[in-house]
Amino acid sequence: MWSLQNITDNIHDWLYATFNPTVAMLIEYAIIGALAIGLFAMLGLVLIYMERKVSAWMQLRLGPNRVGPKGIFQTTADTLKLIVKEGMTPTGVDKLLFNLAPFIVMIVAMVVLAPLMFAKGFQIWDLNIGVFFITATSSLSVIGILMAGWASNNKYSLLGAMRSGAQIVSYELSAGLSVLAIIVLTGSLRLSDIINSQENGWWIFKGHIPVWIAFVIYIIAVTAETNRAPFDLAEAESELTAGFHTEYSGMKFALFFLAEYVNIFVVCALGATLFLGGWMPLHFGTNTRFNEVMDYIPSSVWFFGKTFFLIFVIMWFRWTFPRLRIDQLLNLEWKYLLPISMINLLLVTFIAIMNWHF
Amino acid sequence: MYRESTIVNESASLPYNGGDEGDMIINVGPQHPSTHGVLHLIITLNGETVKKVDPNLGYIHRSMEKMCESLTYRQFIYVTSRMDYLSAHINNHCCALCVEKGLQLEVPPRAQVIRVLMDELTRLASHHLWWGAFAMDVGALTPFFLAFREREMINDIMEETCGTRLTMNYMVPGGVMADLHPDFQKRVHEFIAHFKKKIDEYDELITDNIIFQNRTKGIGYISKEDAIAFGMTGPSARGSGVQCDIRKLYPYEVYDKLQFDEIIETGGDCFARYMVRMKEMKQSISIIEQLIDNIPEGDFQAKTKAVLKLPKGEFYSRVETARGELGVYIISEGATTPYRIKFRSPGYCNLSALDHMAKGQKIGDLVAIMGALDLVIPDIDR
């Protein structure tokens with residue numbers, strides 16, 4: 001059914017039939033690079049528009065409604081404005097680090113896209129350590145943030161970067177442990193294996209309460225990891241004006257901004273893949289009648305539907321909750337989330353060994 | 001290599017710099033999202049912990065007291081709308097009371113009731129804005145818009161009767177400037193019904209929120225004695241258990257005939273101050289409900305001479321604004337303009353306690369403490 005796999009396979013076969021393998025491979029890399037950058041830009045535009053509309057809906061406002069029908073070109077116009085703005089580098093900053101930081105954050109956000117499976121058979125790199133790759137690479141973005149805060153020569157930035165460092169490093173732990181819960185159940189780090197293991201039902205339905213706990217902890221931890229409210233301490237605008245990117249303007253600021261949204265997409269996509277079955281349609285055991293009906297919905301719709309639902313939940317958090325304080329934030333992680341997810345991991349392991357899951 | 005920025009040198013040259021080695025001095029403001037105006041705080045930090053707060057005032061000083069000395073007793077009332085712009089009515093009210101005291105003028109009962117109604121509506125509008133801004137200070141953005149939905153209704157009522165929405169200039173010596181708009185009662189009834197439906201939403205969203213309670217409970221504690229020593233008034237002092245509601249202690253207009261409670265919380269922290277204001281809103285609604293259907297008929301303004309001249313002497317009046325006690329002190333030489341005017345504004349005294357409250361707390365708490373004090377900078381600087 002309408003699978004993207006046919007398209008990718010056809011292109012792949014045609015390239016290797018027409019050119020010699022080296023050239024074909026290079027052309028494939030170029031196409032994939034262009035697609036990744038395109039996806040990056042599109043995600044930025046779509047998610048920022050979505051954020052503005054969601055917040056407007058929650059705040060009794062209309063949101064952008066002037067540029068294009070229903071304001072859909074508003075973010076395009078904003079991006080154009082940011083591109084033509086002067087890329088200021090204030091005096092007194094460490095020029096190399098200051099200019100490098102936004103690119104590090106952006107490159108990390110793009111590299112993390114590689115092992116994600118966007119639809120059935122539509123994946124850039126089916127890495128055998130896919131989940132590990134995502135968790136490892138996404139934690140690199142803290143280096144970019146620390147760099148930005150340090151190089152800005154601004155105390156607000158430095159405070160924001162310090163907070164961000166403490167926060168991201170702590171919350172990686174419980175996010176990683178809740179991811180491990182699913183790894184234990186599937187026995188594979190490869191994303192395609194994890195998705196295939198959910199053919200007779202998503203883990204959230206199959207895995208009993210421990211998987212639910214892991215899911216909730218995962219959502220909380222990634223909200224903190226991506227510096228989103230109520231954990232947006234790194235850029236808490238009522239305390240630190242704009243935190244680590246106070247001194248940034250123009251396109252360099254936009255790169256931070258885009259990277260934030262792409263990071264949200266990545267963590268939500270990973271959450272959807274691990275707990276909600278990725279592109280896998282809603283299947284219930286061996287109920288073939290029902291499963292076949294569900295298969296009529298294209299796999300990409302399933303994937304993006306789940307991902308955007310999780311993104312909506314994270315946006316919902318942002319526009320509802322007040323912000324935590326830095327010590328409360330770290331208390332929450334080290335005193336509550338981490339112990340709970342450790343015990344939870346043991347429970348999941350026990351379930352996996354006893355084969356109690358469906 | 002982290003270099004010292006020029007800002008450090010600037011504040012180091014200021015006399016009140018007393019940081020140790022390793023302390024970080026940050027200028028919060030004059031342009032900062034949570035100072036709600038042009039307040040400049042020089043804070044000394046040790047990591048995230050606040051060691052010292054030095055408010056640096058004067059960015060919006062307009063020498064209002066001096067300005068009033070060259071204006072007549074009718075004119076100077078209008079200037080005071082620009083002091084605490086969120087309780088413009090109440091400022092005007094206090095000035096009108098002071099002038100009336102000097103002239104020994106009897107205000108008609110209808111005007112008295114209208115004044116009290118307007119005061120309470122202003123208090124509600126001010127507390128609504130404070131609620132939104134406070135929630136924004138602790139990081140929740142949506143309440144700001146919810147608060148404005150209710151505040152808009154009050155502003156519309158004001159616009160119909162007074163002609164303006166923010167700086168009303170509705171009070172004149174001897175009464176009010178014009179009679180109520182024919183729709184006034186209907187609109188106020190609509191507002192009360194709307195408010196009673198929505199106030200629970202406020203509690204659901206913010207008051208009962210565990211994050212909000214963690215951010216405010218036990219934060220910015222000030223004892224009753226300290227609050228009195230700093231001269232704190234209004235809801236900020238009542239959160240520490242100080243009995244200081246001028247409407248109860250020194251009733252003016254018809255406040256002594258009304259049934260309402262002075263809200264006192266004993267927590268002394270940001271949450272207590274928050275609860276005082278939330279409960280005060282309900283009290284204001286009850287005052288409005290008592291009066292709205294009982295507005296006496298008659299004149300809305302006493303007969304006064306075209307040119308007002310206060311007898312030689314000193315006159316003082318005090319009212320309860322949304323932020324605390326406002327005092328107006330006039331020295332008259334018998335001329336058409338005051339010889340000297342002094343405003344005792346609540347915000348200035350409340351701000352003086354900021355250093356005491358914020359010491360040892362985190363930066364995030366400093367913002368919450370400022371929010372709970374409900375500072376309006378033009379009120380502090382004048």
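Trainee: How many residues of chain B are in contact with chain A?

Mentor: This is a predicted model: local features need pLDDT of at least 70, side-chain atom pairs count only at pLDDT 80 or more, and totals for chains, interfaces and linings use all residues. Residues are numbered from 1 along each chain as its sequence is written, while chains are lettered from A and ligands numbered from 1 in the order in which they are written. Contact puts two C-beta atoms, placed from the backbone, within 7 Å. Chain A brings 26 residues to the contact, and chain B brings 29.

Trainee: Which elements of chain B each supply at least two residues of the side that touches chain A?

Mentor: Elements are DSSP runs numbered from the N terminus: helices (H or I, at least four residues) and strands (E, at least two). Those that qualify are β1 (24-28), α5 (109-137), α6 (142-162), α8 (210-216) and α15 (363-373).

Trainee: Are α4(B) and α5(B) roughly parallel or oblique to each other?

Mentor: Axes are lines fitted to C-alpha atoms, for helices over the stretch in contact, with angles from 0 to 180 degrees between N-to-C directions. These two come within 8 Å and cross at roughly 140°. Under 35 degrees is roughly parallel, over 145 roughly antiparallel, 65 to 115 roughly perpendicular, and the rest oblique. The pair is therefore oblique.

Trainee: What box do the C-alpha atoms of chain B fill?

Mentor: Chain B has 16 helices and eight strands. Along the principal axes, its C-alpha atoms fill roughly 75 × 50 × 35 Å.
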